[in-house]
Amino acid sequence: MTRRTDQLKLGAFLANSGHHVSAWRHPLAQADASLDFEHFKHIAQTAERGKFDALFVADVVALWGHHHDALSRTARAEHFEPLTLMAALAAVTSNIGLIATATTSYNEPYHIARKFASLDHLSKGRAAWNLVTSVVSDEAWNFGRETHIDHGDRYQRAEEFHDVVKGLWDSWDDDAFTRDKASGEYFDPAKLHTLNHRGEHFSVRGPLNVARPPQGHPVLVQAGASEPGKALAARVAELIFAVNHDLAGAQAFYQDIKQRAAAFGRDPDHIKILPGVTPFIGETREQAQALFEEFQALVDPVLGLRFLADTLGDDIDLSGYDLDGPLPETPVGQRGSRRDKLLELARSQNLSIRQLYLHLTAGNPIIGTAEDIADFFEQWFEARACDGFNVFFPYFPGGIDLFVEQVIPLLQQRGLFRTEYEGTTLRENLGLPRPANRFTQGVTP
């Protein structure tokens, strides 16, 4: 296999005290970080100093589940609304991309088109929309519904939602606003376009009351792993966040998405796939392992069992079992599902209940020295298992400080990562084309 000539793309995940579910309890983490803007400002500016492509904020528009006893043992009950936070960070950064999550299930297309167009102007072309369909069913209760939208219906709605938003972003030609003081013309009416969309889920006339975004369209991000999710990602996404725990699985996912994109007539190089990884860095491998174990030791059993129930299902009651004993006999249902994979792991490795929930809370850790982390990144990148990584830092602020000081220089020395930003917009830095306006190019919405 020939060596790649492109370079890694890196996202930095923003997560309060850190990505580890019990990070807030560790001495290295800031426990009250959730609503501290100075905390996020430091992370953003550190990531920009390290030449990261983008910052990323996840979101759920509900309190995480109705199991408040477990939730009370995390720092996830409070967090900024993503677009509000990214707008503030746009003012204290200059180059780094700003990826905010917004659901298509409990928003309207006009809202999303307007907000992300505004963020793109505020940041001078650094906005990106992480399109999600909402996984947490509790969100329904906050928007006048008793039940969550069915999985298939959510993705059908998302497809149309996406198309409407992109159509609204094309409401104006790039040069529509003449602002000619002498003639008195502020914009050229011939360069204004009305969408007039009527579909199964939405009826949206338009036009948008924000000029066309600097990037044409903010970058589209997606993370669906189901069949409908992968189909949507291959058709519309430009950046894909993936969950892959082994090299072979990551390579298969990478090839699958690139082939699906090509089948839609897209250039596969215009989709960047970034698996999530959590680096635990030490001066030695032993120190890194010890640090990882410190975080794992802070996972409260109540929280750990909640993580397990979220995967195995609430029908499996583990409350009366020894945490250091084996799982009770549990039938495997739909083979290949996340639940069944976890059950197979428990059986094949003879894991206790505690070991199993710690496997879940660990996420996707990489444990070792800075050199080990750089080796891992290089191996996956050169093996075409990814185009880069979405980096989950186990704790803040020290986790990202250490990564930027120790890992980034190694990647740069190997020619795997930039030393300066390639352009001024997120699209330019990701190597993505600027889309033409569909109305002036005669493209059907």
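Let's start with a cluster. Ring pairs link Phe 52, Phe 376, Phe 377, Trp 380, Phe 389, Phe 393, Phe 396 and Phe 403 together. What counts as a pair? Rings of Phe, Tyr and Trp (its six-membered ring) pair if their centres lie within 6.5 Å; planes under 30 degrees apart are stacked, over 60 edge-to-face, and the rest tilted.

A word on the source. This is a predicted model, where local features need pLDDT of at least 70 and side-chain atom pairs count only at pLDDT 80 or more, while totals for chains, interfaces and linings use all residues. Residues are numbered from 1 along each chain as its sequence is written, and side-chain values use heavy atoms, with hydrogens and water left out.

Back to the rings. How many aromatic pairs does the rule give? The count is 26. One of them is Phe 280 with Phe 292, edge-to-face, 5.1 Å centre to centre and 80° between the planes. Phe 280 sits in strand E9 (residues 272–281) and Phe 292 in helix H8 (residues 285–297), so this pair ties together parts 12 residues apart in sequence. Those labels come from DSSP runs, numbered from the N terminus: helices are H or I with at least four residues, strands are E with at least two. Both Phe 280 and Phe 292 are buried. Buried means under 20% relative accessible area, exposed over 50%, and partly exposed in between (1.4 Å probe, protein chains only).

Next pair. Phe 295 and Tyr 395 are stacked, at 5.6 Å centre to centre and 20° between the planes. Phe 295 belongs to helix H8, and Tyr 395 to the loop between strand E11 (388–392) and helix H13 (398–413), so the pair ties together parts 100 residues apart in sequence. Phe 295 has 0% relative accessibility, so it counts as buried. Tyr 395 is at 8%, so it is buried too.

Now strand E1. Is it enclosed or open? In E1 (residues 9–13), 5 of the 5 residues are buried, so the strand is largely enclosed by the rest of the structure. Lys 9, Gly 11 and Phe 13 point one way, Leu 10 and Ala 12 the other. In a regular strand the side chains alternate between the two faces of the sheet.

Which strands join E1? Strands pair if DSSP finds at least two bridges between them. E1 and E11 run parallel, joined by 5 bridges. Ala 12 has Val 391 in E11 as its bridge partner. E1 also runs parallel to strand E2 (residues 54–57), with 3 bridges. There, Gly 11 partners Ala 54.
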